[in-house]
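Before reading on, take a moment to look at the model shown here and to follow the chain from one end to the other.

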Amino acid sequence: MDQRFSYDAIRNAFYPQAGIGIAANTFLLYLHTAAAYVGHKPRVTDLPITHLALTHTLMLLTMGLLVSTDIWETQEIPGDFKCKVLVFLHKVMRGLSICTTCVLSVLQAIIISPSGSWLAHFKLKSTNPIVGLFVFLWVLTMSLSCNLLFCTVATLNKTQPGLLFVTDRCSLLPVSHIRKSFFLTLMACRDVFFVGLMVLSSGYMVLLLYRHTQRSQHLRNSRFPPKSSPEQRATQSILLLICCFAVLYCADSLISMAIGMKWTNNAMLVCVHILVANGYGTVSPLVLIAADTQLTKITHLTCGEKKPFSDKTYPKDFSTLIRTIFSILQNFLSEKY
């Protein structure tokens with residue numbers, strides 16, 4: 001298959017994904033800003049969700065610039081500099097996405113933990129520790145990705161041996177085995193630690209939800225079944241988010257291993273890797289918006305309605321929300337082309 005055609009296919013496939021993801025994450029940021037504006041009581045998870053949406057917006061933007069042709073036609077900025085900055089920023093955002101999802105999962109597990117459990121001692125009364133944690137995660141992730149600033153170059157000759165394509169415009173130089181193993185081991189340890197915490201907190205939340213369900217079966221009236229609490233609905237949405245993350249993360253890891261072990265420049269494999277690696281950034285805001293009834297109420301209020309959304313009208317309102325996102329995407333694509 002022609003390489004030029006394959007990289008054009010990458011752009012044609014990624015642009016709609018990026019448009020949907022950027023629009024959805026921007027809308028999620030807007031809803032949380034509107035929540036503060038209308039006076040809703042802030043939740044502990046609001047800051048991690050906002051940080052996650054901002055991270056995914058930057059991640060999709062940097063990848064969009066990497067696969068775009070317009071930025072590379074500008075000659076004022078050297079190609080090597082553009083590649084180093086964009087690849088570094090995208091890798092940092094990818095790392096922060098994993099870390100923030102883990103923080104969100106652990107915080108939700110702490111929130112729903114019973115008052116007598118040991119996790120109850122970690123319940124936060126302010127967001128100051130979370131801000132400090134995110135500063136640490138930024139420093140950690142940037143330190144682990146700094147190697148890319150030295151080994152990323154612009155692809156001038158696509159037949160040059162030894163290069164590993166990130167996109168058709170940027171490539172990675174071959175590095176020594178020791179240096180490569182050192183940074184890969186550090187990133188693997190980071191990912192194993194945060195994914196492990198995510199699995200433990202998710203398992204704990206599933207166990208608590210199961211116990212609550214078993215307890216409610218003995219107490220509920222057959223005519224009036226108990227209604228799930230906001231904490232339960234938030235927990236279910238975060239568990240769904242983590243399931244999406246787990247599926248896409250495993251697929252991303254397998255493809256990355258296949259590319260890294262073979263050091264291959266197969267254009268279609270690069271295309272699939274780009275779509276899978278950025279898929280979580282597109283799916284996550286849709287999951288969070290769909291599952292959060294407070295956000296749908298804010299959507300209703302900002303649209304000028306007098307009565308907040310009820311749970312019975314939720315599916316209809318969500319379909320309206322999706323149509324709004326696709327309308328934003330259509331305007332984005334029309335301006336692009």
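This report looks at the nonpolar cores, at one helix and at the salt bridges.

The model is predicted, and its largest nonpolar core has 37 residues. Those with the most contacts inside this core include Leu 28, Leu 137, Phe 194 and Leu 288. Among the elements that give two or more residues to the core are helix H1 (3–37), helix H6 (177–219) and helix H9 (279–291), while the largest share, twelve residues, comes from H3. Apart from this core lies another one, of 20 residues, among them Ala 18, Ile 22, Leu 60 and Cys 170.

Helix H9 has 13 residues and reaches 19 Å from its first C-alpha to its last, which is close to the 18 Å expected at 1.5 Å a residue. Because ten of its 13 residues are buried, H9 is largely enclosed by the rest of the structure; the buried ones include Gly 279, Tyr 280, Pro 285 and Leu 288.

| Pair | N to O distance |
|---|---|
| Asp 46 and Arg 43 | 3.2 Å |
| Arg 94 and Asp 252 | 2.1 Å |
| Arg 190 and Asp 191 | 3.0 Å |

The pair of Arg 94 in helix H3 and Asp 252 in helix H7 links distant parts of the chain, 158 residues apart. Since buried means under 20% relative accessible area, Arg 94 counts as buried at 17%, and Asp 252 is buried at 5%. In another pair, Asp 46 is buried at 14% relative accessibility, whereas Arg 43, at 26%, counts as partly exposed.

Conventions:
Residues are numbered from 1 along each chain as its sequence is written. This is a predicted model: local features need pLDDT of at least 70, side-chain atom pairs count only at pLDDT 80 or more; totals for chains, interfaces and linings use all residues. Side-chain values use heavy atoms; hydrogens and water are left out. A nonpolar core is a set of buried Ala, Val, Leu, Ile, Met, Phe, Trp, Tyr and Cys residues joined through side-chain atoms within 4.5 Å. Buried means under 20% relative accessible area, exposed over 50%, partly exposed in between (1.4 Å probe, protein chains only). Helices (H or I, at least four residues) and strands (E, at least two) are DSSP runs, numbered from the N terminus. The expected span of a helix is 1.5 Å times one less than its number of residues. A salt bridge is a side-chain nitrogen of Lys or Arg within 4 Å of a carboxyl oxygen of Asp or Glu.
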